[in-house]
Amino acid sequence: MQPRFQQGFHPVFCTIVPPHLLDKLSQSDDPVLAGRARRTLQSDAARRTRRHMTTVARPTAAPEPDDDRSAKPDRTLYDCRHGTDLPGTKVRAEGEDPTSDASVNRAYAGLGATFELLLSAYGRRSIDGHGLPLIGSVHYDEKYNNAFFDGEQMVFGDGDGEIFLDFTVAIDVIAHELTHGLTQYTANLSYYGQSGALNESVSDVFGSLVKQHSLGQTAAQADWLIGEGLLAPGVQGVALRSMKAPGTAYDDDVLGKDPQPASMDDYVHTGDDNGGVHLNSGIPNRAFYLLATALGGSSWERAGQLWFDVLTGGELAVDADFAAFARLTVAAARNRFGDGDEVEAVLKAWSEVGVPTS
Ligand SMILES: [Zn+2]
């Protein structure tokens with residue numbers, strides 16, 4: 001079967017801190033915080049516009065991915081030195097010793113951990129399946145409160161130290177952004193409405209799986225948070241999002257309350273944030289959490305394998321809604337494991353979040 005990504009190509013410009021959160025920050029009584037948030041929003045909007053006008057190197061449907069399990073990543077790290085020109089000055093190439101800059105070394109390790117999960121668990125060589133080099137730039141701009149994948153490379157801000165810390169501290173954030181590249185090269189889910197929320201959710205799922213894999217955690221041991229450690233001390237919250245309990249990651253005077261729904265009953269209808277892609281992603285996120293914890297053990301083995309199968313299987317439409325994705329996970333479970341506990345667990349997980357599978 002030909003991959004669906006031949007039908008069109010949807011470059012994603014995802015910033016890990018979503019627009020709704022920066023909007024809230026920009027309304028802060030503190031003029032310094034509000035000013036910084038407005039600057040980040042303006043800078044992100046400008047970059048988003050540029051992305052729409054730029055042709056991203058389009059994946060070519062070609063040979064089957066090379067699954068040489070001894071493959072090594074090809075990483076290059078750059079330092080923007082607080083400017084906005086990308087990629088910046090080259091500071092660490094693949095195989096070179098750690099530098100004296102902890103941000104560089106964390107980004108290098110995070111890119112490597114993502115490569116490692118894709119290869120060791122799913123036999124995929126880098127995000128394109130063909131060993132695509134992984135490029136990261138740290139110290140982007142001054143006190144920049146975000147991190148993003150621009151279709152070609154990762155970019156990390158230092159955070160302002162008051163609301164957010166250095167964005168390289170969260171390995172799942174690095175993996176979330178790189179997974180947008182994986183989606184871009186495979187199912188190519190369009191970044192709007194439910195397919196956009198699925199795109200976001202898949203990034204959170206593999207973001208969390210990279211973290212769990214690198215720490216050797218089981219589903220029961222994992223924190224199921226996205227961006228744990230990213231909020232500065234004093235902010236009332238534990239992370240950017242919670243897959244386990246969407247809507248509970250933070251509740252803070254400045255940031256407001258985490259607005260993610262945990263089931264279809266609370267689905268958010270909005271035109272903002274590409275139709276709430278960072279909001280309604282809470283629903284499929286929780287379905288994955290419920291499945292992984294019901295199956296137990298290492299989440300990337302069974303639950304993660306099913307999501308990977310759907311993402312890369314060529315059956316998922318670019319504009320798929322939650323129900324279409326859910327049905328494919330049921331089919332994938334049946335295909336991989338036959339009619340048994342796995343299929344039952346998949347059906348139950350989607351049912352609990354109110355997404356129909358028939
Ligand atoms: Zn994202």
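Colleague: How do you know what span helix H7 (residues 282-295) should have, and what distance separates its end C-alpha atoms?

Modeller: Before I answer, note that this is a predicted model, in which local features need pLDDT of at least 70 and side-chain atom pairs count only at pLDDT 80 or more, while totals for chains, interfaces and linings use all residues. Residues are numbered from 1 along each chain as its sequence is written, and side-chain values use heavy atoms, with hydrogens and water left out. Helices (H or I, at least four residues) and strands (E, at least two) are DSSP runs numbered from the N terminus, and the expected span of a helix is 1.5 Å times one less than its number of residues. With 14 residues, H7 should therefore span 20 Å, and its end C-alpha atoms are 20 Å apart, which agrees.

Colleague: What makes H7 largely enclosed by the rest of the structure?

Modeller: The word buried means under 20% relative accessible area, exposed means over 50%, and partly exposed is in between (1.4 Å probe, protein chains only). Of the 14 residues of H7, 12 are buried, so this helix is largely enclosed by the rest of the structure. Among them are Ile-283, Phe-288, Tyr-289 and Leu-295. If contact means heavy atoms within 4.5 Å, then what covers the buried residues of H7 includes helix H5 (193-215), helix H8 (303-312), helix H9 (322-337) and helix H10 (341-352). Just after H7, Gly-296 takes a positive phi of about 75 degrees.

Colleague: Why is H8 called mostly covered?

Modeller: In H8, 9 of its 10 residues are buried, including Trp-307, Phe-308 and Asp-309. The cover of these buried residues includes helix H3 (102-122), H4, H5, H7, H9 and H10. Just after H8, Gly-314 has a positive phi of about 85 degrees.

Colleague: Which atoms are called protein donors of the zinc ion?

Modeller: Donors are N, O and S atoms within 2.8 Å of the metal (3.2 Å for Na, K and Ca), and since water is not among the atoms, sites may look incomplete. The protein donors here are Cys-14 (SG), His-176 (NE2), His-180 (NE2), Glu-200 (OE) and Glu-200 (OE), which lie 2.0 to 2.8 Å from the zinc ion. In sequence, the donor residues are spaced C-x161-H-x3-H-x19-E. His-176 lies in helix H4 (residues 171-185) and Glu-200 in helix H5, so the pair ties together parts that are 24 residues apart in sequence.

Colleague: Are His-176 and Glu-200 buried or exposed?

Modeller: His-176 has 0% relative accessibility and therefore counts as buried, and Glu-200, at 0% relative accessibility, counts as buried too.

Colleague: Why does Gly-136 count as buried, and what is Gly-136 in contact with?

Modeller: Gly-136, which lies in strand E4 (residues 134-138), has 0% relative accessibility and so counts as buried. Leaving aside neighbours within four places in sequence, Gly-136 is in contact with Thr-76, Leu-77, Tyr-78, Leu-111, Gln-153 and Met-154.

Colleague: Why is Thr-270 called partly exposed?

Modeller: Thr-270 has a relative accessible area of 27%, and so is called partly exposed. This residue is found in the loop between strand E10 (256-257) and helix H6 (273-276), and, leaving aside neighbours within four places in sequence, Thr-270 is in contact with Gly-275, Gly-276 and Leu-279.

Colleague: How many cavities of 30 Å³ or more does the structure hold, and what makes a space a cavity?

Modeller: On a 1 Å grid over the protein atoms alone, a cavity is a set of points where a 1.4 Å probe fits but cannot get out, and lining residues have an atom within 4 Å of a point. Grid points are joined across faces, edges and corners, and a volume is the space filled by probe spheres set on the points. The structure holds 2 cavities of 30 Å³ or more. About 40 Å³ of space lies in the largest cavity, whose lining includes Arg-36, Asp-141 and Tyr-144.

Conventions. On a 1 Å grid over the protein atoms alone, a cavity is a set of points where a 1.4 Å probe fits but cannot get out, and a pocket is an open set with protein on both sides within 12 Å along at least five of seven lines; lining residues have an atom within 4 Å of a point.
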